[in-house]
Amino acid sequence: MSKLTIIANIITKADQVELVKAELLKLIDVTRAEEGCINYDLHQDNENPAHFTFYENWVSRELWQAHMGNQHLADYMVATEGAVVEFTVNEMTQIA
């Protein structure tokens, strides 16, 4: 197993920033308690408050995939439906 780094970018509609931010913050503690989560850090862009980035590290891709199937993420998707303009996920491997 090799560590997996995830960079997830979420861009919200300008009038939905606070809603999405509140829903993203709900994910922090429950995700950090999941098996395989090394870190799960949420960032908000200083110039564009509608841009959020998760920087995550997982013990393995399999444990990250288990995380992606959890109920709290499904609940987040329902709560923010129509509020997110763009969502991208990059699976990364640290090389140096």
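Modeller: Helices (H or I, at least four residues) and strands (E, at least two) are DSSP runs, numbered from the N terminus. This is a predicted model: local features need pLDDT of at least 70, side-chain atom pairs count only at pLDDT 80 or more, and totals for chains, interfaces and linings use all residues. Residues are numbered from 1 along each chain as its sequence is written, and side-chain values use heavy atoms, without hydrogens and water.

Biologist: What pattern does the protein chain follow along the sequence?

Modeller: The order is β-α-β-β-α-α-β. That makes three helices and four strands.

Biologist: And what is the radius of gyration?

Modeller: It is 13 Å, taken over C-alpha atoms.

Biologist: Switching to H3. Which residues are buried there?

Modeller: His72, Leu73 and Tyr76, within residues 71-79. Buried means under 20% relative accessible area, exposed over 50%, partly exposed in between (1.4 Å probe, protein chains only).

Biologist: Why are they on the same side of H3?

Modeller: Because they cover an arc of only 100° around the axis, using directions from the helix axis to the C-beta atoms. On the other side of H3, Gln71, Met77 and Val78 are exposed.

Biologist: What covers the buried residues of H3?

Modeller: The cover includes strands S1 (4-12) and S4 (84-92), plus helices H1 (17-32) and H2 (61-68). Contact here means heavy atoms within 4.5 Å.

Biologist: How much of the whole chain is buried?

Modeller: Buried residues are 36% of the 96.

Notes: Rg over C-alpha atoms; globule rule 2.2 N^0.38 Å.
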